[in-house]
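Keep the viewer open while you read.

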Amino acid sequence: MGRSRHVPVMLQRCLDLLAPALQRPGAVVVDCTLGLGGHSEALLERFPGARLVALDRDKEALRLSGERLAPFGERATLVHAVYDELPGVLERLGIARVQGVLFDLGVSSMQLDEAGRGFAYAQDAPLDMRMDQTAGMSAGEVLNTYPAGELVRILRAYGEEKQARRIVSAIVRERGKEPFSNSARLVEVIRDALPQAAKRTGGNPAKRTFQALRIEVNGELAVLERAIPAAVKALDVGGRIAVLSYHSLEDRLVKQVFAAGAANTAPPGLPVVPERYQPRLKLLTRGAELPTEEEVAENRRAAPARLRGAQRIREDAE
């Protein structure tokens, strides 16, 4: 697993966005999605006065990045937690406010590369897909037990799969013969279920179904809906947050939270807007920033990335 393969997506841009808030000594930055520690390592190197708190729900990721970040000693605190647990983590560490927060919502390269976890549709593996393998239902259980209507809803909402109904009827028919246990059989069933035209576009035909299952198994959107507002709340005035998302559902959620924070909430017609209605956030990106063509050429995983940043400019209204 060479380090060279795992250049974190839009790394420089993320560091530049957070930099003004992390220059001062004693600044605390939270990496909500530690993964293999690429962003965390870069944050610790670039901001020598900063302290890092990093979260991951995957124990294997924590072990590997723990080795990578060991040289930074006390400056790095690694925590086994899902990112919506951020407020509790900070409270336990006695940290009232933080100066920077980073989310990289892509599935970590490690999970995609490690065949045994069942994230990838390119290799056959048990249908697991849990980021924390000690908790919750596996993808196989979801496929084998959810009612058809619920599966259709998940594929449409989380996978933006237009052929959801077709795919689900095939899944229901096949699971009746024998429950699903590995990814290759699922890929084959999806392939057979799709009309010719649908197979010709947009890469592997199973891609959207796998994405939908992964989001469902890990409760990713529900977690994110709680996590982004909690992270904004944890920011000190002047603190900054950067979020990298990889599909439109995640990006829309981030956009909504940032837009609400940056809006003036005053009733119309007030000659002067009182402090409590003033925006809490200032947007740091115009819309979502995209990776450069060079970066996509070097790292195909960067292609769908969307980056949004915001700065906390005042306290919440009492």
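Two strands pair here if DSSP finds at least two bridges between them, and helices (H or I, at least four residues) and strands (E, at least two) are DSSP runs, numbered from the N terminus. You're looking at a predicted model, where local features need pLDDT of at least 70 and side-chain atom pairs count only at pLDDT 80 or more, while totals for chains, interfaces and linings use all residues. Residues are numbered from 1 along each chain as its sequence is written, and side-chain values use heavy atoms, with hydrogens and water left out.

Start with the sheet. It is open, has 7 strands in the order β3-β2-β1-β4-β5-β7-β6, and its pairing is mixed. β3 (76-80) and β6 (281-283) stand at the edges with a single partner strand each, so one side of each has no neighbour in the sheet. On average, neighbouring strands are turned by 15° against each other, direction ignored.

Now pick out β4 (residues 98-104). β1 (residues 28-31) runs parallel to β4, joined by 3 bridges, and V29 has G100 as its bridge partner. β5 (residues 235-245) is also parallel to β4, with 6 bridges between them; here V101 is partnered by I241. Over at β6, the pairing with β7 (residues 306-312) is antiparallel, through 3 bridges, and K282 has Q311 as its partner.

What packs on this sheet? α12 does, touching β4, β5, β6 and β7, where contact means heavy atoms within 4.5 Å. Its direction makes about 150° with that of β5; axes are lines fitted to C-alpha atoms, for helices over the stretch in contact, and angles run from 0 to 180 degrees between N-to-C directions. Helix α1 (residues 11-22) lies across β1, β4, β5 and β7, at about 170° to β5.

Next, hop to helix α7 (residues 148-159). Its buried residues are L151, V152, I154, L155, Y158 and G159.

A212 sits in α11 and is buried, with a relative accessible area of 0%. Its contacts, leaving out residues up to four places away in sequence, are I154, L155, Y158 and G159.

Note on methods: Buried < 20%, exposed > 50% of the residue type's maximum accessible area, 1.4 Å probe, protein only.
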